[in-house]
Amino acid sequence: MVLKPASELNIKNILEKLNTFNSDPKNGTTRILFTKPEIEARNYIKEEMKKNGLTIREDSIGNIFGTLKGNNPDLSPIWTGSHIDTVINAGMFDGMTGVVAGIEAARLIKEAGVQHKRNIEVIVYTSEEPTRFGLGCLGSRAMAGCLSLEQAKELKDEEGKSLTEVLESLGYNLSEFHKIPVKKGEVFAAVELHVEQGGVLEALGLPIGIVKTISAPTNFEVSVKGKQSHAGSTPMNLRHDAFLVCSEIALELEKLAKESDSEDTVATVGQVNVLPNASNVISGEVHFSIDIRDSNYEIKCKLVKELMEFVKELEKKREVIIEMKQINDDVPTHSDDKIVKILEEACNEKNIYYHKMVSGAFHDSMMVGRFAPIAMIFVPSKDGISHSPDEWSDYDDIAKGTDILADALLKLSNS
Ligand code: HGY
Ligand code: MN
Ligand code: MN
């Protein structure tokens with residue numbers, strides 16, 4: 001046993017301190033990208049990284065890199081890390097656990113004084129959540145060369161502010177935005193620890209998951225134009241009710257997902273804005289979100305095609321106008337077999353039982369996998385809950401996952 005066990009207390013302390021940077025503490029954790037709490041959390045994490053001997057740098061979209069120098073710093077590095085931004089009224093573990101585990105793993109390796117060739121970099125990826133700008137994984141997407149400066153200019157928040165305006169106001173140098181993309185081969189391997197956000201590990205009574213595939217999302221913003229009119233004096237056969245169009249699409253989406261050939265297909269209408277949103281007015285306009293995921297890209301494409309055909313028919317049937325704006329169409333990412341094997345060996349050496357599984361949630365590793373070999377470690381989520389104030393993971397499970405992470409990072413940095 002070269003490395004000491006991870007400290008539950010360290011992990012708990014950093015996670016709890018991180019949780020104090022929160023814009024709505026009475027309702028779980030809300031830390032939206034580049035708001036005051038998130039910037040304070042970034043500064044706190046940078047301090048923690050420095051305290052643990054990591055040298056800090058940031059790129060032009062705000063990805064933070066905390067580097068533990070190896071003996072051969074010219075070799076391509078090993079990456080770990082995750083995100084610290086959250087959805088609205090989230091829990092305190094989604095994303096943060098992977099950043100804290102990365103810092104703790106780096107501490108264990110540094111304090112053991114063991115030789116390691118490759119630099120180990122702990123990363124905080126900018127905006128894994130779509131909360132502010134409607135698109136997820138902005139930092140890792142830019143690293144994968146899938147978000148240009150022009151596209152970043154088009155991303156607007158609810159106040160109409162663009163991502164680039166916000167970056168500039170925070171002092172990020174956009175003239176270096178073109179330097180963000182990472183070429184294949186520039187990163188040797190990347191391992192992300194994350195809470196499972198589902199109930200599989202808890203149901204199996206296992207402390208560790210090893211992710212085989214990360215399901216990927218296809219997202220739409222849908223606008224329906226119907227005919228606003230009086231709820232009392234408009235006969236049913238003369239209505240063009242925009243809300244009912246949204247309802248039919250949501251139910252069709254559920255049916256397509258349930259009938260899919262893949263057990264990993266999921267589809268959600270999570271955001272609905274009904275106008276004018278009055279009890280005695282037939283809605284003339286509705287805007288809503290569509291989120292479709294699968295671990296199999298072809299099956300996801302087939303579902304999207306069937307949905308578009310359904311929408312076309314519905315438009316004629318209900319005599320409305322339906323606009324489907326596709327935001328992204330991401331490709332599922334498979335873990336690298338060699339890294340998975342290293343994770344399995346680490347579990348076996350520590351007599352920790354594990355389960356190999358698909359991730360229904362997407363993660364920055366989905367994008368990092370475009371330019372580097374990746375794998376992920378899951379730790380259990382209590383009652384399978386996430387994206388909720390009730391999200392919880394036990395610190396001893398997180399510590400176990402950190403032990404596996406530290407072993408894997410050390411092995412990879414010497415390969
Ligand atoms: O939505 C997701 O899968 C991730 O938690 N942002
Ligand atoms: Mn999330
Ligand atoms: Mn996450």
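This is a predicted model: local features need pLDDT of at least 70, side-chain atom pairs count only at pLDDT 80 or more; totals for chains, interfaces and linings use all residues.
**Entry 1: the manganese ion (ligand 2)**

I began with the metal and asked which residues are the protein donors of the manganese ion (ligand 2). I then wrote down their spacing in sequence, which is D-x34-E-x257-H. Asp94 sits in the loop between β3 (78–82) and α3 (96–112), and Glu129 sits in the loop between β4 (120–124) and α4 (138–143), so this pair ties together parts that are 35 residues apart in sequence.

**Entry 2: the manganese ion (ligand 3)**

Next I listed the protein donors of the manganese ion (ligand 3). They are His83 (NE2), Asp94 (OD) and His194 (NE2), and they lie 2.1 to 2.3 Å from the ion. Along the chain these donors follow the spacing H-x10-D-x99-H. His83 belongs to the loop between β3 and α3, while His194 belongs to strand β5 (residues 189–195), so the pair ties together parts that are 111 residues apart in sequence. I noted that His83 and His194 are both buried.

Which residue bridges the manganese ion (ligand 3) and the manganese ion (ligand 2), and how far apart do the ions lie? The bridging residue is Asp94, and the two ions lie 3.6 Å apart.

**Entry 3: salt bridges**

I turned to charged side chains. How many salt bridges does the count come to? The count comes to 33. I looked up a few of them one by one.

The side chains of Lys325 and Glu221 form a salt bridge at 3.7 Å, N to O. This pair links distant parts of the chain, with Lys325 in strand β13 (residues 321–329) and Glu221 in strand β7 (residues 216–225), 104 residues apart. Glu221 counts as partly exposed, at 39% relative accessibility.

Lys341 and Glu345 also meet in a salt bridge, with an N to O distance of 2.9 Å. Here I asked what separates Lys341 and Glu345 in helix α10. They are 4 residues apart in helix α10 (residues 337–349), which means that about one helical turn separates them. Glu345 is partly exposed, at 29% relative accessibility.

Helix α10 came up again with Glu349. The side chain of Glu349 meets that of Lys411 in a salt bridge of 3.3 Å, N to O. Glu349 is in helix α10 and Lys411 is in helix α12 (residues 395–413), so I recorded a link between distant parts of the chain, 62 residues apart. Glu349 counts as exposed because its relative accessibility is 54% and exposed means over 50%. Lys411, at 29%, counts as partly exposed.

Glu38, Arg42, Lys46 and Glu58 are joined into one network by salt bridges that share partners.

**Entry 4: surface patches**

Which residues form the negative surface patch? I found Glu8, Glu202, Asp394 and Asp396. Of these I followed up Glu202, which lies in helix α7 (residues 200–204). Glu202 counts as partly exposed, at 38% relative accessibility.

I then looked at a nonpolar surface patch. Phe243, Leu244 and Val272 make this patch, and its area is about 230 Å². Phe243 lies in helix α8 (residues 242–258). At 37% relative accessibility, Phe243 counts as partly exposed.

**Entry 5: Leu256**

I stayed with helix α8 and looked up Leu256, which lies in that helix. Is Leu256 buried or exposed? Leu256 is buried, with a relative accessible area of 8%. I also checked its separation from Val304, a residue 48 residues away along the chain. The C-alpha atoms of Leu256 and Val304 are separated by 9.2 Å.

Note on methods: Residues are numbered from 1 along each chain as its sequence is written. Chains are lettered from A and ligands numbered from 1 in the order in which they are written. Side-chain values use heavy atoms; hydrogens and water are left out. Donors are N, O and S atoms within 2.8 Å of the metal (3.2 Å for Na, K and Ca); water is not among the atoms, so sites may look incomplete. Helices (H or I, at least four residues) and strands (E, at least two) are DSSP runs, numbered from the N terminus. Patches are made of residues with over 30% relative accessible area and no salt bridge: like charges are joined within 9 Å, nonpolar side chains (Val, Leu, Ile, Met, Phe, Trp, Tyr) within 5 Å. Accessible areas come from the Shrake-Rupley method with a 1.4 Å probe; for residues, only the protein chains shown count as cover. A salt bridge is a side-chain nitrogen of Lys or Arg within 4 Å of a carboxyl oxygen of Asp or Glu. Lys and Arg count as positive and Asp and Glu as negative; His and the chain ends are not counted. The place of a charge is taken as NZ of Lys, CZ of Arg, CG of Asp or CD of Glu. Buried means under 20% relative accessible area, exposed over 50%, partly exposed in between (1.4 Å probe, protein chains only).
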